[in-house]
Amino acid sequence: SSIKLASCIPPSSIVYSAATLREKATLLFAKYVSVGAKYEINIQHRIRYELTQKYGQPTMLQRLSSHNIDVEILKEASQWSDTVVASDFDECCTEMRVLLGYSIARFKHSTEFERLKRLVS
């Protein structure tokens, strides 16, 4: 299922850019998943490690490309197919939704929430 964001939230400059899917994934990794990233998200070590292995260091595809080897044939069967890249961050989104649910549950049991309820009723 998708998340509906408020209309005042601007669209992602990465997601809606003209970059290729692989370039977008690499940019999203650097901004949100990389250890120490400015907007580092809270995810399991395993997920971060797997994404770091793919996006945080030169991949075989990047190394082959830098040597002017035609890699188009390899792409479909590789970890870099568009289908695979498109779903690489699904676990991050799922985990963030779960953690957000925990945060909301905690907030609903706080004195701040009770105070807000009184203000709006």
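Modeller: Rings of Phe, Tyr and Trp pair if their centres lie within 6.5 Å. In this predicted model, F29, Y55 and F89 form one aromatic cluster.

Biologist: How many aromatic pairs does a search of the whole structure find?

Modeller: Four. One of them joins Y32 and Y39, with ring centres 6.2 Å apart.

Biologist: Why is the pair of Y32 and Y39 called tilted?

Modeller: Their planes stand at 45°. Stacked needs under 30 degrees, and edge-to-face needs over 60.

Biologist: Are Y32 and Y39 buried or exposed, or in between?

Modeller: In between. Buried means under 20% relative accessible area, and exposed means over 50%. Y32 has 30%, so Y32 is partly exposed. Y39 has 43%, so Y39 is partly exposed too.

Biologist: Which residues of helix α2 are buried?

Modeller: I47, R48, L51, K54 and Y55, in a helix that covers residues 45-55.

Biologist: How do you know that they line one face of the helix?

Modeller: Look down the axis of α2. The buried residues fall within an arc of 130°, so they line one face. They pack against α1 (21-33), α5 (82-87) and α6.

Biologist: What makes F107 partly exposed?

Modeller: F107 lies in helix α6, residues 90-108. Its relative accessibility is 36%, between the cut-offs of 20% and 50%, so F107 counts as partly exposed.

Biologist: Which residues form the nonpolar patch on the surface?

Modeller: F107, L116, L119 and V120, with about 430 Å² of accessible area together. Helix α7 (residues 111-120) gives the most, with three residues.

Note on methods:
Residues numbered from 1 in each chain as written. Predicted model: local features only at pLDDT ≥ 70, side-chain atom pairs only at ≥ 80, totals over all residues. Heavy atoms only, no water. Patch = residues over 30% accessible without salt bridge, like charges linked within 9 Å, V, L, I, M, F, W, Y side chains within 5 Å. Areas by Shrake-Rupley, 256 points an atom, 1.4 Å probe, with all protein chains shown as cover. Salt bridge = Lys/Arg side-chain N within 4 Å of Asp/Glu carboxyl O. Helix = DSSP H or I, 4+ residues; strand = E, 2+ residues; numbered from the N terminus. Buried < 20%, exposed > 50% of the residue type's maximum accessible area, 1.4 Å probe, protein only. Phe/Tyr/Trp six-rings, centres within 6.5 Å; stacked < 30°, edge-to-face > 60°. Arc of directions from axis to C-beta. Contact = heavy atoms within 4.5 Å.
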